[in-house]
Amino acid sequence: MLIAAGLHKSFGKGRSKVHVLRGLDLRVKRGEFLAVMGPSGCGKSTLLHVIGLMTSPDAGEVHLDGRRVGSSESERARLRRSHVGFVFQRFNLISVLSARDNAAISLRVRGLQRNGRIDELLTSMGVAHVADRKPGDMSIGEQQRVAVVRALAHEPALLLADEPTGNLDSDNSRSLLELLRDINTRRGQTLVMITHSADAAACADRVVQMKDGLIVDR
Ligand SMILES: Nc1ncnc2c1ncn2[C@@H]1O[C@H](COP(=O)(O)OP(=O)(O)OP(=O)(O)O)[C@@H](O)[C@H]1O
Ligand SMILES: [Mg+2]
């Protein structure tokens, strides 16, 4: 599903230049649930942004769903919109929109109107009861579930999650992890999750460790 080969990424220039990814290789199989762990600042989020086509690498290749991703910004944006879904540590829901409208955002930007599908997903993620509520009137756990619905609405080939339980208490973390595990096993959803939590990583099929911009153990 995903092949990343020889990824390099730096930020800044001259003396303040930080070399974040240093020739990183990673393969994720279709239907796999992979957890990425590693110390703060080792480049986990940067890796997720590169494989999620939000930023381009300075060098190296990304192959997604059997295709080599080119360097053209418009092609990357198109592939990102069709193939990738993101769940963040801060759920980034839009405060003035209802749960249903938040979840439908990724369809709206593609000109699709499929409220039936959104309601079905809200139901299967256990948050149908908040469909008409705004984020301020939902619990933190409900907000993260709605964020998962939003990430899945356009049926992405690859679901990426950056510390999805980072802002959740232990009960909500456990139930979100069960949800992700379920999405992986029942829908065969390929999933890459960054986490600092050993409990979260234990839900994955495979755990890799990242250090200084490289995968050190796979
Ligand atoms: N846009 C940017 N401009 C400059 N430096 C950046 C940028 N993004 C990330 N960095 C730097 O790159 C390094 C890796 O950052 P990254 O966010 O990938 O780490 P991380 O492993 O996700 O850390 P954490 O576990 O704390 O989230 C850090 O030193 C960070 O300061
Ligand atoms: Mg990070």
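Q: Where is Leu64 found?
A: Leu64 sits in strand E4. Bear in mind that this is a predicted model.

Q: Buried or exposed, that Leu64?
A: Leu64 counts as buried, because it has 23 C-beta neighbours inside 10 Å and the cut-off for burial is 20 or more.

Q: What does Leu64 touch, leaving out residues up to four places away in sequence?
A: Leu64 touches Leu2, Val69, Leu79, His83 and Leu158.

Q: And how far is Leu64 from Glu155, C-alpha to C-alpha?
A: The separation is 15 Å, for two residues that are 91 apart along the chain.

Q: Back to the strand. Which residue is the bridge partner of Leu64 in E5?
A: Arg67 is the partner of Leu64 there. Strand E4, residues 59-64, pairs with E5 over two bridges, in the antiparallel sense.

Q: What is the strand order in the open sheet with E4 and E5?
A: The order is E2-E1-E4-E5, four strands with antiparallel pairing.

Q: Which strands stand at the edges?
A: Those are E2 (18-28) and E5 (67-68). Each has a single partner strand, so one side of each is left without a neighbour in the sheet.

Q: What holds paired strands together in general?
A: Strands of a sheet pair through backbone hydrogen bonds, parallel or antiparallel.

Q: Which strand does E3 pair with in the parallel sense?
A: Strand E3 (residues 33-37) pairs with strand E9 (residues 206-211) that way, over four bridges. One bridge joins Ala35 to Val207 in E9.

Q: How many bridges join E9 to E10?
A: Three, and the two strands run antiparallel; E10 covers residues 214-217. Met210 has Ile215 in E10 as its bridge partner.

Q: What about the hairpin of E9 and E10, which residue takes a positive phi?
A: Asp212 does, with phi near 45 degrees; the hairpin has two residues between the strands.

Q: Changing topic: which residues are around ligand 1?
A: The list is Phe11, Gly12, Val18, Val20, Gly38, Ser40, Gly41, Cys42, Gly43, Lys44, Ser45 and Thr46.

Q: Which elements give two or more residues to that shell?
A: Strand E2 and helix H1 (44-51). H1 gives the most, with three residues.

Q: What does the shell look like by class?
A: It has seven polar, four nonpolar and one charged residues.

Q: Now the core. How many residues are in the largest nonpolar one?
A: The largest nonpolar core has 61 residues, and those with the most contacts inside it are Ala103, Val146, Val149 and Met193. Helix H6, residues 140-152, gives the most to this core, with six residues.

Q: What does Met193 touch, again skipping residues up to four places away in sequence?
A: Met193 touches Ala35, Ala161, Pro164, Leu180, Ala200 and Ala204.

Q: What box do the C-alpha atoms fill?
A: Roughly 50 × 40 × 35 Å, taken along the principal axes.

Q: How much of the protein counts as buried?
A: Of the 218 residues, 42% do.

Q: And what share of the contacts with a separation of 6 or more comes from residues 24 or more positions apart?
A: That share is 69%.

How values were computed:
Residues are numbered from 1 along each chain as its sequence is written. Chains are lettered from A and ligands numbered from 1 in the order in which they are written. This is a predicted model: local features need pLDDT of at least 70, side-chain atom pairs count only at pLDDT 80 or more; totals for chains, interfaces and linings use all residues. Two strands pair if DSSP finds at least two bridges between them. A residue is near a molecule or strand if its C-beta atom, placed from the backbone, lies within 6 Å of it. Ala, Val, Leu, Ile, Met, Phe, Trp, Tyr, Cys and Pro count as nonpolar, Asp, Glu, Lys and Arg as charged, and the others, Gly among them, as polar. A residue is buried if 20 or more other C-beta atoms lie within 10 Å of its own, exposed if 12 or fewer, and partly exposed in between; C-beta atoms are placed from the backbone. Two residues are in contact if their C-beta atoms, placed from the backbone, lie within 7 Å. A nonpolar core is a set of buried Ala, Val, Leu, Ile, Met, Phe, Trp, Tyr and Cys residues joined through C-beta atoms within 7 Å.
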